[in-house]
Amino acid sequence: MSDASAGDEAGVEPTDAERTGSDPVLSLSNVDSGYGEVQVLDDLSMDLNAGEIVCLVGPNGAGKSTVLKTAFGMLTPWEGTVEYHGRDIGGMAPEDIVREGIGYVPQTDNVFGSLTIEENLRMGGVARNDDLDEVIGRLYDRFPIIDEKRGAKARTLSGGQRQVLAFARALVMEPDVLLIDEPSAGLAPNTADDVFEDVQAVNDMDTAILMVEQNVTKGLGISDWGYVLDQGTVRFDGTPDTLLNDEEVSQLYLGG
Ligand SMILES: Nc1ncnc2c1ncn2[C@@H]1O[C@H](COP(=O)(O)OP(=O)(O)OP(=O)(O)O)[C@@H](O)[C@H]1O
């Protein structure tokens, strides 16, 4: 585990030999970002490597969701870079970022309740001009729960089913990176377990995942690497086991 707070200005380089892969698909380097005049991210650096699930954890207000919004172009970095496959995409419009290959599943309002499942998926593919039926067919095969209900209004789905639809909607563009904000928020424990399995199923479709999660044990439990954020910057990063077993990290940031 690297203690980023004690590290050098370069932030969190993937120096730990335990990290799987070394091919970053998404890198934030020394990023400052925020809302209006309010700075939230402060010299934040992190990587998502090909094939990984990476989990961002930390206290309320640490800036976790702000990382995803900055990576997805909803906020323009004030300083630093956001690179996708080595190309600077900082501040690019979200609709262009989607075309580049990054999807985003926000925490709330992530499906259109008044549209059917099928319509939600077709909306997710408006920027595609080929193979839409084939791609949606593959998603129905992968997630039978939405296949069974394709003509139903999305508002009739349970919380867990909605989350699956939100993932599938983002996957219509076949992203190689998916940003997911608190997939288990508001779900009963059993349902949350199912949703974490679905996150792994998405990852199995060759999609690297950068996920924010309040449920630290479960979020880190399915992840390859974790970053602990506080006050807009990375305090620690490491393997999930290392973070969960570190007394200081656990006491200070992970609720003991
Ligand atoms: N749209 C906004 N306008 C102004 N400030 C905002 C906005 N959204 C978030 N903030 C502020 O930015 C800071 C970081 O918020 P963010 O949602 O990124 O934190 P978080 O780590 O995801 O926290 P939580 O776990 O509570 O969602 C907080 O102080 C929050 O009040």
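Me: Which residues of α1 are buried?
Reply: Happy to start there, keeping in mind that this is a predicted model. Seven of the eight residues of α1 are buried, so the helix is largely enclosed by the rest of the structure. The buried ones are Lys64, Thr66, Val67, Leu68, Lys69, Thr70 and Ala71.

Me: Which residue just after α1 takes a positive phi?
Reply: Helix α1 covers residues 64-71. Just after α1, a phi of about 80 degrees turns up, and the residue that takes this positive value is Gly73.

Me: How confident is the predictor in the protein chain, as a mean pLDDT?
Reply: Good thing to check before reading on. A pLDDT of 70 or more is reached by 91% of the residues. For the model as a whole, the scores are ipTM 0.96 and pTM 0.91. The mean pLDDT of the protein chain is 89.

Me: Which element supplies the largest share of the shell around the ligand?
Reply: The ligand is surrounded by Tyr35, Val38, Val40, Gly58, Asn60, Gly61, Ala62, Gly63, Lys64, Ser65, Thr66 and Val212. Both β3 (38-49) and α1 (64-71) supply at least two residues each. With three residues, the largest share comes from α1.

Me: How many residues of the shell around the ligand are nonpolar, polar and charged?
Reply: The shell includes residues such as Val38, Asn60 and Lys64. Lys counts as charged and Val as nonpolar, while Gly is placed among the polar residues. Sorted that way, the shell has five nonpolar, six polar and one charged.

Me: At what angle do the axes of α3 and α6 cross?
Reply: Here α3 spans residues 117-124 and α6 spans residues 159-171. The crossing is right-handed. The two axes come within 7 Å, and they cross at roughly 35 degrees.

Me: Which residues make the contact between α3 and α6?
Reply: By class, the contact of α3 with α6 has five nonpolar, two polar and one charged residues. From α3 come Ile117, Asn120, Leu121 and Gly124, and from α6 come Leu165, Ala168, Arg169 and Ala170.

Me: Is Gln231 buried, exposed or partly exposed, and which residues does it contact?
Reply: Gln231 is found in the loop between β10 (225-230) and β11 (233-238). A residue needs 20 or more C-beta neighbours to be buried and 12 or fewer to be exposed, so Gln231, with 13 inside 10 Å, counts as partly exposed. Leaving aside neighbours within four places in sequence, Gln231 is in contact with Asp42 and Ala62.

Me: How far apart in space are Gln231 and Gln39, C-alpha to C-alpha?
Reply: Along the sequence, 192 residues separate Gln231 from Gln39. In space, C-alpha to C-alpha, the two are apart by 10.0 Å.

Me: What is the phi of Asp43?
Reply: Most residues other than glycine have a negative phi. Asp43 lies in strand β3, and it is partly exposed, with 16 other C-beta atoms within 10 Å. Although it is not a glycine, Asp43 has a positive phi of about 55 degrees.

Me: Where does His85 lie?
Reply: Phi of His85 is near 50 degrees, a positive value in a residue other than glycine. With 15 C-beta neighbours inside 10 Å, His85 counts as partly exposed. His85 lies in the loop between β5 (79-84) and β6 (87-88).

Me: Is Trp225 buried or exposed?
Reply: Trp225 lies in strand β10. Not counting residues up to four places away in sequence, Trp225 touches Arg19, Glu52, Val54, Asp237 and Thr239. There are 25 other C-beta atoms within 10 Å of Trp225, so it is buried.

Me: Is Ser22 buried or exposed?
Reply: Ser22 is found in the loop between β1 (2-3) and β2 (24-35). Its C-alpha is 7.8 Å from that of Ala50, 28 residues away in sequence. Because Ser22 has 9 other C-beta atoms within 10 Å, it is exposed.

Notes:
Residues are numbered from 1 along each chain as its sequence is written. This is a predicted model: local features need pLDDT of at least 70, side-chain atom pairs count only at pLDDT 80 or more; totals for chains, interfaces and linings use all residues. pLDDT is the predictor's confidence in each residue, from 0 to 100. A residue is near a molecule or strand if its C-beta atom, placed from the backbone, lies within 6 Å of it. Helices (H or I, at least four residues) and strands (E, at least two) are DSSP runs, numbered from the N terminus. Axes are lines fitted to C-alpha atoms, for helices over the stretch in contact, and angles run from 0 to 180 degrees between N-to-C directions. A crossing is left-handed if the near helix is turned anticlockwise from the far one by less than a right angle, and right-handed if clockwise. Two residues are in contact if their C-beta atoms, placed from the backbone, lie within 7 Å.
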